[in-house]
Each structure stands twice: as C-alpha cells, then as structure tokens.
Amino acid sequence: MTEKMPTTADTDSFRRLPTFLVSRAEGDIPQRVETEEILSLHRRWVEESHSANSLPDYKSFNPNNLSAIADHLMILQPTAHEATGTETLEDIDFLYLHYGSGIAEKSGFDMTGRMVSEFKGELSQFFLSAYQTVLKRGVPQYTSHFSVHAAQVCTWERLILPVIDASGHPLLVVYNLPKHTRVDLIDAILKSSLDGVFYIAALRGLSSEIEDFIFMMSNPKASEILGKSPENYLYRRLCDVFPGVIESPAFDAYVRVATTGTPESFRLHYPHDGLNKHFDISAVRCGDGVAVTFSDITEMVEMQQHVEQQRDELIAATTSLQKQAAAIAQLAEDREQALNRMREEIEQRKEAERKLILQAATDPLTGIANRRTFMERARSELLRARRYTEPLSLLLIDLDHFKAINDAYGHQAGDRVLIEVARRISGTLRDSVDVFARLGGEEFVVLLPETTPSGALKLAERLRAVIADTPVTQDNGPAIKVTTSVGAATLRLGDLTVDALLNRADVALYQAKGAGRDRVAA
C-alpha cells in the first residue's frame, strides 16, 4: 500500500535532504533524451502545437486517454499562492490534480489534491522553479535530477508539457520516470567490489541460541574467492557448506557479532574443506544475521612467511660466519687477510638480503612493483594528496583477450607479452614520481600524483597507443598484436581509501571493455 504524503512536521526534515539537478533541456530535447516514452510524448506535443498554432489541448494528454503511461503522469493546475493571493509568476503555486500510482509507489507518498509548496525548503524551490519556467515560456522542459527523499529511486527524468484545458486555462502535464534505483546502484557496487561480500542469516533453535547460519546473498568476488558457484552454497547452512568452520574462530566471531551487535575484524587461516587459505575478514550485524566482507590474503601471508624464513636463515648464516671469522682471525697468520675475507662474505650476505627484500617488493616476471608494494605507496600518496589538496589519478590497465594469446601462442609467449607491455609502460611514465605495478594476471595499475583528470586521460591514451601500435615480437614465431583497455579515476573529496579509486577505475575499465576494448574510459 502506498504511504500518504508526510505531514508538515515530517516534511520539515526534507530541508536536510538535497535535490540535485543533473541535466536540463528545452529546444534540444530530441537530441538529449534517449527514453522512447519521453520522445514519443514530446513529438505528440510538438505536432499538436504546430497544428493548433498554440498550446495543445489537454484532452490529448489526459491520463484517461493515455492508459499505457498514466501511472507515471502528473497533472498540475497553477494557482495563486495562499500566502500572498497575488498572480505574479514567482508566487504561483501548483495543485496536483493527478499523481500517478507508479510515481507514488516509487517516491513513497501520494500528492493528489496537495500543493507543490507543501514540500519544504530546497525540494519545493526545485519543483516550483521548473514548473514556473515552463508556465512562463510555454515550451516543454526535460530535467534529470537526483533526489534523496524518494523511498526507492535515486535519479528521476521528467518531461514537463504546458497545455490548455477546454476553458482555455493552462495546465502542466508531467511525465515522471525512474532512471536509477537504489537497488541497481547497490548491486553495481557489490559486483564491482574487489572484496568478497556475503550475508548469512542466523538460524536459531528453540532456546533462541544461534545454532548455524544460512547463506542468503553474495557478490561474484565471494564466489571466486570461495571457489564455489552461488548455487552450491546460497540458501544452505554455513556448516553444511563449510563443515570445518565450526573448528575455526570465524563461527564464534559471527555468533558474537549477531548477538552483541559489535563489529569484528580479524585474520583467519582456514585449512579446512580443501581451501587452505588466509583471509582478512570484517563482520557487522545486519538484521538477525551478519554481513561479511573478506579478501584472500594467502599470497601476501605466504610471501611474508617466506621472507621471514629467509631472513632467519640469513641471520643464522651471518652469525655463523661472524663466529668463524673470529676463530679464523685468531688462528690466521695474516690477521688483515682474514678480516678482509670476513668482510667480503658478510657483504655478500647483506647483498643477498637486500635482493631478497627487493624480490618481496617486486613482481618476479616483469620486475615492476607488486600489489603489496603498490598499496603501501598508494596509501602514502593518497594521504599526501589529501593533506596538500593536490590532484591524484589512477589508471587500471587490462590486456584484451590475454587468455586467447596464451591459448594461441603458449604461456611462454604470454609471459613475453607481459614483460614487453610492462617495459613500454615504464618507459612512458615519470621516474621516481608515478607508481607502476602489476596487480596480478594481465592487470596493471598506474598511480599518477599531481595529475588532473584530463592529464590522466591523455597519458592513458598514450599508453594504449604505445602498446597497440607495435606488435610484440617472438624469437620463433609471428609478432603478436596486443591491445589494452584502460579505466581512469581521480581522487574525490570523499575518497578515504585507495580502494575507492580502484573501484571507480574498475567500473571505468568495465565500461571500456563493454564498449569494444582497445580504448580508454573514465
């Protein structure tokens, strides 16, 4: 059932809920609008206004005669503002004679028989300004606006048509259509997330104690990390899908979060159910369940363990060498020669340690920075950019059809392509300024300090061209044509993490792929 329009006390709170005009069109509506229903309604108005050499007759736009779109129509009658009783344009108010059920359902209230001025503050000014302008000029107007107060819809598009009724009085016919819903935007955010997300509902026994959880929702990244397709775990018990979870700290953590409402973040080694992975997990209560965000940090943990093991071995070896050197120094006839030998061996060990540290920070195939090093540098650059209010841009670069290259020429040729692409990109960037890294697979990332959106797009196009213009040669085989798709993003005022930049760049990269690949999108 549709809710009634909020009371005056309720609508007072709308002053804190802004309405933003995204775009407006008058004379160029056919060139600016893509929605067929709006274009059709606009053509009818134009044809009838030319035929009558005046404003069209209302009967052609009466909702009773337009049943297919009546649910999205509003009919407004101009009237003098009660506060003044004057007839000046600025004081004209409008009465809702008809408020389509589709609009009422999406907005969360019904305005039939109410006045536009009953909206408060900015919302009233936004609507009144648009309606008064159309009434004054006598021509249609198209608007696209973002509204916080609507229950389900984020963005609306609206066509306002001036007409006259049988008595010669003006009316406004307004076609109002949802353009973007909150559900669509939330779904897009989940699909583009670089982290896995799932929601589990608490399953309680007769004593109201939590006995298990049921998977209710997940995003594609969650299925990828867990190695299971959604149909293999959604709407099933957590302990049935992952029996080992009952032995891990995760289950108890989920119970605590669902019971107390206190969010928890923790790292988990999960060696059960064939996974044997390390996870970074954040859990918050949502209704009678838990929303979980997690990422696979297995590669990072194993690298850290490897580095620590190598460091311990180096320390032990260095200690042993130092002891040997002391003994040799005491026994050797030429003490200086023994000390020189010791210094040389110690320096070799230190050099080995430096190389090992460098290996931990770089991608072993291409020699450029790895994901871990990039994230550390990127966080520092983000803090610096925010502190000094400097621009900061990011490019996400993905090789087009890289799997086909591996399939056609072999993985050795694929590795050669990755190395050559990294070399060309490195040669185009600023030394000691830009941060270039391989995120994994065929995906690269470039962080551009002190770079505006236009500068980032110009560089992205140069990188795309320097890769596409010259095929990659092989020692024994044909040259390989390589193209890339590039997504660009620039730091915004509300961006607090590097992931915010990466997410927007990933969305832009997805758009470039969808538009045909071998191109740049922002």
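**View A. Cysteines in a structure with 0 disulfides.** The model shown here is predicted. Cys239 has a relative accessible area of 18% and counts as buried, because the cut-off for buried is under 20%. Cys286, at 41% relative accessibility, counts as partly exposed.

**View B. The edge-to-face pair of Phe215 and Phe242.** Across the whole structure, a search finds 13 aromatic pairs. In the pair of Phe215 and Phe242, the ring centres are 6.2 Å apart and the planes stand at 65 degrees, so the pair is edge-to-face. Phe215 belongs to strand 8, while Phe242 sits in the loop between helix 8 (238–241) and helix 9 (249–260), so the pair ties together parts 27 residues apart in sequence. Phe215 is buried, with 1% relative accessible area. Phe242 also counts as buried, at 5% relative accessibility.

**View C. A cluster of aromatic rings linked by ring pairs.** The cluster includes Phe215 and Phe242.

**View D. A nonpolar patch on the surface.** Met216, Met217 and Tyr235 make up this patch, and together they have about 300 Å² of accessible area. Met217 is located in strand 8, which covers residues 210–218. With a relative accessible area of 31%, Met217 is partly exposed. Residues must have over 30% relative accessible area to be part of a patch, so Met217 passes that cut-off at 31%.

Definitions and conventions
Residues are numbered from 1 along each chain as its sequence is written. This is a predicted model: local features need pLDDT of at least 70, side-chain atom pairs count only at pLDDT 80 or more; totals for chains, interfaces and linings use all residues. Side-chain values use heavy atoms; hydrogens and water are left out. Patches are made of residues with over 30% relative accessible area and no salt bridge: like charges are joined within 9 Å, nonpolar side chains (Val, Leu, Ile, Met, Phe, Trp, Tyr) within 5 Å. Accessible areas come from the Shrake-Rupley method with a 1.4 Å probe; for residues, only the protein chains shown count as cover. A salt bridge is a side-chain nitrogen of Lys or Arg within 4 Å of a carboxyl oxygen of Asp or Glu. Helices (H or I, at least four residues) and strands (E, at least two) are DSSP runs, numbered from the N terminus. Buried means under 20% relative accessible area, exposed over 50%, partly exposed in between (1.4 Å probe, protein chains only). Rings of Phe, Tyr and Trp (its six-membered ring) pair if their centres lie within 6.5 Å; planes under 30 degrees apart count as stacked, over 60 as edge-to-face and the rest as tilted. A disulfide is a pair of cysteine sulfur atoms within 2.5 Å.
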